[in-house]
Amino acid sequence: MNADVATDSVSVQQVMQWLALVPDPEIPVLSVVDLGIIREVSWDGATCVVTITPTYSGCPAMQEISAHVVDTLRQKGLASVRIQTRLSPAWTTDWLTPAGHAALKRYGIAPPKEKAIDISGLARGVHRAPVQCPRCGSDATRLVSQFGSTSCKALYRCSHCGEPFDYFKAH
Ligand SMILES: [Zn+2]
């Protein structure tokens, strides 16, 4: 028996479940887990270390997210929490979870297309999969502006239902 027993009884999985309660400040329907920015949860003695990879600079919410993560875990009884950032590999929208994609759609934002499609070279610039309207599901959409409500989103309009919507840019 030692001083670490209390923290050892909290599993990484449990911490991840708590982290799923922390919303992304910009898109509150997404948790930081959905966003895919939580790289690792580990223990340094009695300190819970949460490793986060920030999203791209257009979404400068890291400080707010870090504070929220620390607050949430403290409320759950973890006395000591440390946030560590990992910049490499860089976060990509491919790290959004399937639950995150579904949440974005429900929120009226078209989820990012897989970056892998762009990387393949053969597809780059030549064949771009259409962005689907999150409201009616139509592929008949067009880009209105590279910048939507924030720089990490682009503004589209659906030709089918006529509604404008944000597209979470693949990155
Ligand atoms: Zn539509």
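Leaving out neighbours within four places in sequence, Val 32 is in contact with Leu 19, Val 22, Asp 24, Ile 37, Ile 38, Ile 65 and Val 69, where contact means that the C-beta atoms, placed from the backbone, lie within 7 Å. This is a predicted model, in which local features need pLDDT of at least 70, side-chain atom pairs count only at pLDDT 80 or more, and totals for chains, interfaces and linings use all residues. Residues are numbered from 1 along each chain as its sequence is written.

Val 32, Val 69, Ala 110 and Phe 165 touch the most other members of the largest nonpolar core, which has 30 residues. Such a core is a set of buried Ala, Val, Leu, Ile, Met, Phe, Trp, Tyr and Cys residues joined through C-beta atoms within 7 Å; buried means that 20 or more other C-beta atoms lie within 10 Å of the residue's own, again placed from the backbone. The core lies between domain 1 (5-85) and domain 2 (98-168), because both give residues to it; the domain bounds come from an automatic or database assignment.

The protein has six helices and seven strands, which are DSSP runs numbered from the N terminus (helices: H or I, at least four residues; strands: E, at least two). Strands pair if DSSP finds at least two bridges between them.

| Strands | Sense | Bridges |
|---|---|---|
| Strand 5 (residues 141-145) and strand 6 | antiparallel | four bridges |
| Strand 6 and strand 7 | antiparallel | five bridges |

Thr 141 stands opposite Cys 158 in strand 6, and Tyr 156 has Phe 165 in strand 7 as its bridge partner. Strands 6 and 7 form a hairpin with five residues between them, and Gly 162 in the turn has a positive phi of about 80 degrees.

Methods
Buried ≥ 20, exposed ≤ 12 C-beta atoms within 10 Å, placed from the backbone. Contact = placed C-beta atoms within 7 Å.
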